[in-house]
Amino acid sequence: MQRIRPPTAPASNLIPDFCAGRGVLTLAFTMELVAIVVTLVGNATGLEVLDRLLLVSLYLQWISLCSAAALCLIRRRLRYARPGMVFFVCWAVVVSIVMVVAWVSHWISTLLDWRFILPTQARIEFVLRHMGVAAIVVLLLLRYFWVRTEWSMQVQAEGEARYQALNARIRPHFLFNALNSLAALIQVRPNDAEMMVEDLSDLFRASLEKRGQVAPLVEEIGLCHAYLRIEKLRLGDKLKVEWDVPEELLSWPVPKLVVQPLIENAVHHGVSRLADGGVIRIAGREIFGRLVIEVTNPMIGGDGKPSRGNRIAIDNIAQRLNLIYGEGARLEMGRDMRLEGGLFRSRLILPKELRSQAPTDAAAAA
């Protein structure tokens, strides 16, 4: 019997990604700060301070850039190596680069007589001292990057588990409401009840076939249409729906089942409570690089807030948005009294970019 172990981070993740410009710039900026600190704690005065800063910066930047280039080149080759081997190779490569750069720097400094940089140290002493410092610092840095990678994977796994738990809660909630509508139609309108069962079948088939935390807006709208057909059979002419979503927004990625619960809230707490019914309006706009979706419905009395049952779905949306986008997305709900009779307005504000730690393979939320 083969033991199945949980997936772990590739050993190459121990190495920071210096193949990308952002990593190199971060390293260069950090080394410049170190150069400033080293210069300030020295005993140089007057114009020597600027000369020392320039030379120390040049020395440290050469070490950092050469190390970044070397780690970028070996990163892919060490993808399948064991963590211990990756650790040792990276450590040895950086220390070797420091040795070479220190040797060359001492030789140039001696040749140009920069005594304020190398006051009394012999070349071998200078090289060994810098290699010793590099050996300790690189050891600590590699350990830090490894711990950070493991922590990042743990956070992502916890986020994935929370996301799937939220999806598991919303499925029975939607099914409960749909079955209530179906039960009301079975005896009085069996043909319509049969059509509702087909819509439910299509809805849950799509839920099982589609994987991932986000999908194009057009798929979410399709789920909303399936739900509205179910409610249309129950409410008849009382329920009217107006859509105002530009075609260019249909490809915008949105979390699964975030618009349908808002429409469900508009139906149960708005249109269904009005004797003459009403119109639910769903509008979408792109404002300052963010997708804004508004669902409005007429209402009479009360505050229009969802009941405890519907509140499960609303709280669910807020939690899933936080997992996927962090603070980048918002869900706003409230009564708008600027129009006669009052409207209840639900607004979703979604960025296009997901946060880095968002779960990437969550189950569909429908």
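Colleague: In which helix does Val100 lie?

Modeller: Val100 lies in helix H3; helices (H or I, at least four residues) and strands (E, at least two) are DSSP runs, numbered from the N terminus. This is a predicted model, in which local features need pLDDT of at least 70, side-chain atom pairs count only at pLDDT 80 or more, and totals for chains, interfaces and linings use all residues. Residues are numbered from 1 along each chain as its sequence is written, and side-chain values use heavy atoms, with hydrogens and water left out.

Colleague: What makes Cys19 and Cys72 a disulfide?

Modeller: A disulfide is a pair of cysteine sulfur atoms within 2.5 Å. The sulfur atoms of Cys19 and Cys72 are 2.1 Å apart, and the pair forms a disulfide. The two cysteines link distant parts of the chain, 53 residues apart: Cys19 belongs to the segment before helix H1 (21–40), and Cys72 to helix H2 (residues 48–75).

Colleague: Why is the disulfide of Cys19 and Cys72 called right-handed?

Modeller: The torsion about its S-S bond is about 115 degrees, so the disulfide of Cys19 and Cys72 is right-handed.

Colleague: Why does Cys90 count as buried?

Modeller: Buried means under 20% relative accessible area, exposed over 50%, and partly exposed in between (1.4 Å probe, protein chains only). Cys90 counts as buried because its relative accessibility is 1%.

Colleague: Why is Cys72 counted as partly exposed?

Modeller: Cys72 has 23% relative accessibility, so Cys72 counts as partly exposed. Cys66, at 27% relative accessibility, is likewise partly exposed, and Cys19 is partly exposed with a relative accessible area of 44%.
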